[in-house]
Amino acid sequence: MKLYTFFRSSAAFRVRIALNYKGLAWEPVAVSLAKAEHAAPEFRGINPLGLVPALEDGGQVLSQSLAIMEYLDEAHPGPKLLPADPLDRAYVRAFSQIVACEIHPLNNLRTLKYVRRTYKLDEAGVNSWYRHWIAEGFAMMESFLAANARCGRYVLRDQVSMADCCLVPQVFNAQRYDCDLAPYPSVMRIFQECMKLEAFDAAQPSRQPDAT
Ligand SMILES: N[C@@H](CCC(=O)N[C@@H](CS)C(=O)NCC(=O)O)C(=O)O
C-alpha cells in the first residue's frame, strides 16, 4: 500500500498509526503541504479532494482518514481498531469524530490561511483562533471521557482503537501551538500510554522520512 502523507499532517498521522498498529506493509509518498503539492494537478489527479492522506491499495485510491481506517480494519488482517460491540463502536466513532469533525476542520491549514487573509490577522491573532478551538475541543474530549465508564488505559478500556489514532495526532498539533493541556488530564494520560507503543511512536512527525 502507498500512503500519500505529509509528516506534519495530523490526518495522515492517524492513518500512519493505524497501518503500523495493524502490522501492515506500507510505503510513504510525501506530498508537501508547505510547497502546496497537495493543490497541484498531479496530486489532484490522485485525490480530487486535494487533501492528505490518501491511501492507494490494489489500484484503488481512498480518501478521508476515518474512512481509510475503517477500510483497513474491514479489508486487512491485524488487531482491530473498531470493537465488535455496537455500543462500543458508536463510542469509538463518536470520540474519533470529536477530533475529526469538531476540532480539526477549524484548525486546518486552509482555514488558518483564510482567517489570516480575510480578517487581516497577525500571528498572534491566528494563534488565538487556533487555541480557542483547541480549548473547546479538548474540553469536549475530556468531558466525554470522564462521563463514560468505557474510558480506561486507552479511550476504550485497555484496547487500542481508532479513537486513540485520532487523539494522539491532535495532541501533537496542540503542543506545536503551545496550547495549555493541563486542564485535560484524561486526554493526556491516554496520550502518554499510547506513546509507549512503537506503532504510535514510529508514526510521529519527527520520525517520517519527509520531516524537515
Ligand atoms: N477530513 C479529512 C481531513 C484531511 C485534511 O484536511 N488534511 C490536511 C492535512 S492534516 C490537508 O491536506 N490540508 C490541506 C489544506 O488545508 O489546504 C481527513 O480526515 O482525512
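Trainee: What share of the contacts with a separation of 6 or more comes from residues 24 or more positions apart?

Mentor: This is a predicted model. Take the contacts in the protein with a separation of 6 or more. Residues 24 or more positions apart account for 68%.

Trainee: What radius of gyration does the protein have, against that of a compact globule?

Mentor: The protein has 212 residues. A compact globule with that count would be near 17 Å, so the protein agrees with the rule. Its C-alpha trace spans about 45 × 45 × 30 Å along the principal axes. The radius of gyration is 17 Å.

Trainee: Where does the largest nonpolar core lie relative to domain 1 (2-80) and domain 2 (86-199)?

Mentor: This core holds 52 residues, and A18 and L167 touch the most other members. Elements giving two or more residues to the core include β1 (2-5), α1, α4 (86-107) and α7 (162-176). Both domains contribute residues, so the core lies between domain 1 and domain 2.

Trainee: Which elements give two or more residues to the shell around the ligand?

Mentor: The shell has 15 residues, and S9, L51, S65, L109 and R110 come nearest. By class, eight are nonpolar, six polar and one charged. Domain 1 (2-80) and domain 2 (86-199) each supply at least three. The elements giving two or more are α1 (10-21), α3 (65-75) and α5 (109-118).

Conventions: Residues are numbered from 1 along each chain as its sequence is written. This is a predicted model: local features need pLDDT of at least 70, side-chain atom pairs count only at pLDDT 80 or more; totals for chains, interfaces and linings use all residues. A residue is near a molecule or strand if its C-beta atom, placed from the backbone, lies within 6 Å of it. Helices (H or I, at least four residues) and strands (E, at least two) are DSSP runs, numbered from the N terminus. Ala, Val, Leu, Ile, Met, Phe, Trp, Tyr, Cys and Pro count as nonpolar, Asp, Glu, Lys and Arg as charged, and the others, Gly among them, as polar. Domain bounds come from an automatic or database domain assignment. A nonpolar core is a set of buried Ala, Val, Leu, Ile, Met, Phe, Trp, Tyr and Cys residues joined through C-beta atoms within 7 Å. A residue is buried if 20 or more other C-beta atoms lie within 10 Å of its own, exposed if 12 or fewer, and partly exposed in between; C-beta atoms are placed from the backbone. The radius of gyration is taken over C-alpha atoms; the globule rule is 2.2 Å times the number of residues to the power 0.38. Two residues are in contact if their C-beta atoms, placed from the backbone, lie within 7 Å.
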